[in-house]
Amino acid sequence: MSEKTIMLVCNAGMSTSMLVTKMQKAALAKGLDVDIFATAAADATNKIQEKEIHTVLLGPQVRFMQKQFEEKLAPLGIPVDVINMTDYGMMNGEKVLDQAVSMIKG
């Protein structure tokens with residue numbers, strides 16, 4: 001897989017930073033070339049304009065924003081989903097990485 005970018009969105013961009021680290025370790029172990037980063041919901045639109053994003057995962061605390069993100073990103077062909085609350089709570093980087101990778105087309 002050529003480099004793909006996965007954006008995690010949460011309230012302040014802080015709580016997902018530990019999950020990003022765990023996802024990066026899992027990606028390295030699997031030999032995946034991915035760029036994973038976290039951002040605050042308030043800055044997500046700027047990040048989408050700055051980078052080529054391949055998939056967006058929302059933290060459980062901002063799941064209420066899913067429809068809003070889907071409407072904004074559907075025309076760009078960027079899939080959006082909410083991170084499983086258990087995987088998020090357990091900081092299961094491998095499962096969240098698998099979720100993101102399964103959403104990326106091509």
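Colleague: In strand 2, which residue is the bridge partner of Lys 4?

Modeller: This is a predicted model, where local features need pLDDT of at least 70, side-chain atom pairs count only at pLDDT 80 or more, and totals for chains, interfaces and linings use all residues. Residues are numbered from 1 along each chain as its sequence is written, and side-chain values use heavy atoms, leaving out hydrogens and water. Strand 1 (residues 4-10) pairs with strand 2 in the parallel sense over seven bridges; pairing takes at least two DSSP bridges, and strands are DSSP E runs of at least two residues, helices H or I runs of at least four, numbered from the N terminus. In strand 2, the partner of Lys 4 is Val 34.

Colleague: How are helix 1 and helix 5 oriented to each other: roughly parallel or roughly perpendicular?

Modeller: Axes here are lines fitted to C-alpha atoms, for helices over the stretch in contact (heavy atoms within 4.5 Å), and angles run from 0 to 180 degrees between N-to-C directions. Those of helix 1 (residues 17-30) and helix 5 (residues 93-103) come within 8 Å and cross at roughly 75°. Under 35 degrees counts as roughly parallel, over 145 as roughly antiparallel, 65 to 115 as roughly perpendicular and the rest as oblique. So helix 1 to helix 5 is roughly perpendicular.
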